[in-house]
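Look at the backbone of the chain shown here. The paragraphs below go through a few places where its angles call for a closer look.

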Amino acid sequence: ASVLGAPSALTTEDGLACNGEDALLRVSGGPGSYEWYDDAAGTSLVQTGDSLLLTAITASDSFYVREVLTGCNGPLGLITAEVVDNPTASFISNPDTSIRLNIPQSDVQFVNLSSGATTYFWDFGDGSTSSDISPIHNYAEPGNYSVLLVARTGQNCIDSIVYGPFEVLNFEGFNAPSGFSPNGDTDNETWVIDDIYYSPTHHITVFNRWGDLVLEATDYQNDWDGTYNGVPVPEGVYVY
């Protein structure tokens, strides 16, 4: 009778994967081949080879693998594919993108609302980046900028979010027309101040020639139709 060499002890390498990504399980040992099973009894063969690739896994799973050498089966060894939860990237800003930023008053405070992450990477869209948790960034040049936040776990699982664009202007003043004609012909019916939206904190007052207040508005919407308390004011010169 011939005595055959026993299979060697296996060295297994557990797989680690972010939720929804691939996990690779590896095994090494002697010169034999390897069989992979999904049950401890070794009755349900999955595949053969020195590795097992699991694609887009969403839950941890365990397998059993053994070496087969010259017809002899080695012991089954347990090997695990562990799924790590992904973080959730989230943030808000003050001001938000509804506000046009005017240089140099163009600081934005970013408030990080991410969960499950340990490190962060910010790309502010103007060539500047940061690893702070909740940075403040100043936009020094006019343009439209979208902001990227990448949240990362200790196992290198990531989530990202893009927000924007922020509109940044180098605004030097308002251009208010010297007159308008609310006469019902649908042309030039309201007092429109170009670029008024670039300064959301403005406050406007309009007086007649005797110093009587006829219009007062905060966050003016370019909608004054020349009336006061619903009555058209007389044609004439007004100051604002």
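Aspartate 219 is partly exposed, with a relative accessible area of 39%; buried means under 20% relative accessible area, exposed over 50%, and partly exposed in between, with a 1.4 Å probe and protein chains only. Aspartate 219 is not a glycine, yet its phi is positive, about 60 degrees. It sits in the loop between β19 (213–218) and β20 (227–228). Strands (E, at least two residues) and helices (H or I, at least four) are DSSP runs, numbered from the N terminus.

This is a predicted model, in which local features need pLDDT of at least 70, side-chain atom pairs count only at pLDDT 80 or more, and totals for chains, interfaces and linings use all residues. Residues are numbered from 1 along each chain as its sequence is written, and side-chain values use heavy atoms, with hydrogens and water left out.

Most residues other than glycine have a negative phi, and most peptide bonds are trans. Threonine 186 is another residue other than glycine with a positive phi, near 70 degrees. Its place is the loop between β17 and β18 (203–207). Threonine 186 is exposed, at a relative accessible area of 74%.

Now turn to the peptide bonds. Proline 95 belongs to the loop between β10 (91–94) and β11 (101–102). A cis bond also leads from glycine 164 to proline 165, and its omega is near 5 degrees. Proline 165 lies within strand β17, which covers residues 158–169.
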